[in-house]
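Colleague: Could you walk me through this model, one question at a time? I would like the cut-offs along the way.

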Amino acid sequence: MTKITIEEVRQAGVVGAGGAGFPTHVKLSAKADTVLLNAAECEPLLHKDKELLRHETDGVLAGLATAMELVGAQRAVIGIKEKYHEVIERLRTRLSGGIELAPLQDCYPAGDEMILVYDVLGRVVPPGGLPLHVGAVVINVETAFHIARASQEPVTEKYLTVGGAVQQPVTLRVPVGITIGECVSAAGGPTVPNPCYMIGGLMMGRLETDPTSLVDKTTGGIIVLPEEHPVVQRRRQNWAQIARIGRSACDQCSFCTELCPRWLLGHPIEPHRAMRSLGFNLVGQANVLGTLFCCECNLCSLYSCPEGLDPKNVCAENKRRLLAQRQRWQDPPFVPDRPRLHLANRKAPMGRLMHKLALTEFRNEGPLQRELLTSRRVGILLKQHVGAPCRPVVQPGDRVRKGQLVGQVPEQNGKPALGAPVHASLDGRITAVEEKVIWIEAE
């Protein structure tokens with residue numbers, strides 16, 4: 001296997017493909033004793049990680065082995081749902097060099113990296129910390145696949161599942177910069193009028209209604225829903241509605257806290273206290289500093305609350321205001337060796353979650369279509385990652401080839417800022433360079 005360097009990973013523009021978009025070369029510059037491959041894919045109706053593992057097994061394992069070498073780890077563990085028997089057996093025949101499997105329950109949020117670290121390694125990441133603080137580096141399945149290819153080609157393609165209210169749920173291989181509408185058309189089109197799109201997942205994704213919205217390196221899925229679907233209606237509530245209803249209806253049952261995965265790990269996040277703050281107009285004040293540690297998994301709002309309230313968005317609003325006030329909890333209470341007696345039996349089973357979210361009418365499948373979905377026009381976003389937006393290095397009228405650099409990370413203090421470069425995803429001509437996107441049309 002050709003050795004791949006951190007610099008090659010950087011130049012290839014590899015970022016976390018699970019949704020966060022953290023530049024992978026930064027993560028691989030650290031030292032850790034274990035690398036975790038996050039194949040939990042716990043968002044309902046998504047299948048791209050499992051399908052990629054099934055069809056590109058050797059490539060993913062090669063990327064995982066490279067990650068081990070770069071961080072100096074002697075061990076790697078693949079966290080994958082135990083129900084995927086065929087994929088697990090396929091992996092078992094190819095494991096080597098310190099790589100092992102850890103079957104996971106079919107529940108949410110198994111893919112949260114803090115929960116994954118605890119479930120697989122038994123280590124608790126401290127509040128506000130990273131897996132690296134307990135000796136682990138976590139990477140996504142598709143991220144590992146891109147690491148393996150970093151010396152050959154940059155990231156110009158994306159794997160994503162299109163599901164929900166479509167004719168044929170499918171996992172696609174698409175050029176970065178294609179529209180979500182083109183992806184939905186490749187799944188046979190929507191089965192409902194006025195479709196809405198949950199980008200990245202129903203629990204932690206964003207609501208989109210514009211089919212011309214662009215796919216970027218972090219887009220893991222497109223779930224199509226009718227506009228009257230309860231998940232869509234919840235996402236359309238504004239802050240005034242959320243606060244008014246929460247203030248009047250919350251009875252402080254504390255189910256949101258009792259089922260909060262971060263609270264169960266010992267982090268000082270208590271969503272019911274955030275809800276209580278609504279009644280006293282204390283949002284953003286020190287009594288709810290614990291909301292800074294909310295991971296916004298949405299379990300409290302979409303699963304736990306018997307009143308159908310929205311603790312997640314109350315916590316998120318608290319976080320925004322606290323950060324604007326530059327308030328931080330310098331020494332949050334945390335007992336790392338406290339027994340987590342309830343964590344195992346307070347997870348949300350996927351079947352129950354799908355019933356709660358009114359998803360059981362949709363086919364829960366997404367077989368991979370390995371042939372690249374083509375497009376005549378793509379829009380390459382200049383910010384597809386955590387960090388600074390890229391600066392264009394091309395001009396309108398320039399001809400480009402697939403894989404050619406079109407946006408570079410700016411420098412700060414003589415060094416590249418946090419970020420990842422972006423590249424053309426098809427052969428063509430630059431038709432426009434806008435503030436946030438570079439448009440390329442095939443010739």
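Colleague: Leaving aside its neighbours within four places in sequence, which residues is V162 in contact with?

Modeller: Happy to start there, with a word on the basis: this is a predicted model, where local features need pLDDT of at least 70, side-chain atom pairs count only at pLDDT 80 or more, and totals for chains, interfaces and linings use all residues. Residues are numbered from 1 along each chain as its sequence is written, and side-chain values use heavy atoms, with hydrogens and water left out. Contact means heavy atoms within 4.5 Å. With neighbours within four places set aside, the partners of V162 are P169, V170, L172, C183, V184, A187 and I222.

Colleague: What is the angle between the planes of F145 and Y159?

Modeller: Rings of Phe, Tyr and Trp (its six-membered ring) pair if their centres lie within 6.5 Å; planes under 30 degrees apart count as stacked, over 60 as edge-to-face and the rest as tilted. The search of the whole structure finds two aromatic pairs. F145 and Y159 make an edge-to-face pair, 5.9 Å centre to centre, with the planes at 85°.

Colleague: How many residues apart in sequence are the parts that F293 and W329 tie together?

Modeller: F293 and W329 form a tilted pair, 6.5 Å centre to centre and 50° between the planes. F293 is buried at 10% relative accessibility, while W329 is partly exposed at 32%. F293 lies in the loop between α13 (271-279) and α14 (299-304) and W329 in the loop between α15 (311-324) and β11 (348-349), so the parts tied together are 36 residues apart.

Colleague: Which elements do the buried residues of α15 pack against?

Modeller: The expected span of a helix is 1.5 Å times one less than its number of residues; for the 14 residues of α15 that should give 20 Å, and its end C-alpha atoms are 20 Å apart, which agrees. Its buried residues include P311, V314, E317 and L322. They pack against α10 (239-249), α11 (255-258), α13 and α14.

Colleague: Why is strand β2 (residues 75-81) largely enclosed by the rest of the structure?

Modeller: Two strands pair if DSSP finds at least two bridges between them. Strand β1 (residues 34-39) pairs with β2 in the parallel sense over six bridges, and six bridges also join β2 to strand β3 (residues 99-104), again parallel. β2 is largely enclosed because, of its seven residues, the number buried is six.

Colleague: Which strands stand at the edges of the open sheet of four strands?

Modeller: The order in this sheet is β13-β21-β20-β15, with antiparallel pairing. Each edge strand has a single partner strand, so one side of each is left without a neighbour in the sheet; the two are β13 (377-381) and β15 (399-400).

Notes: Buried means under 20% relative accessible area, exposed over 50%, partly exposed in between (1.4 Å probe, protein chains only).
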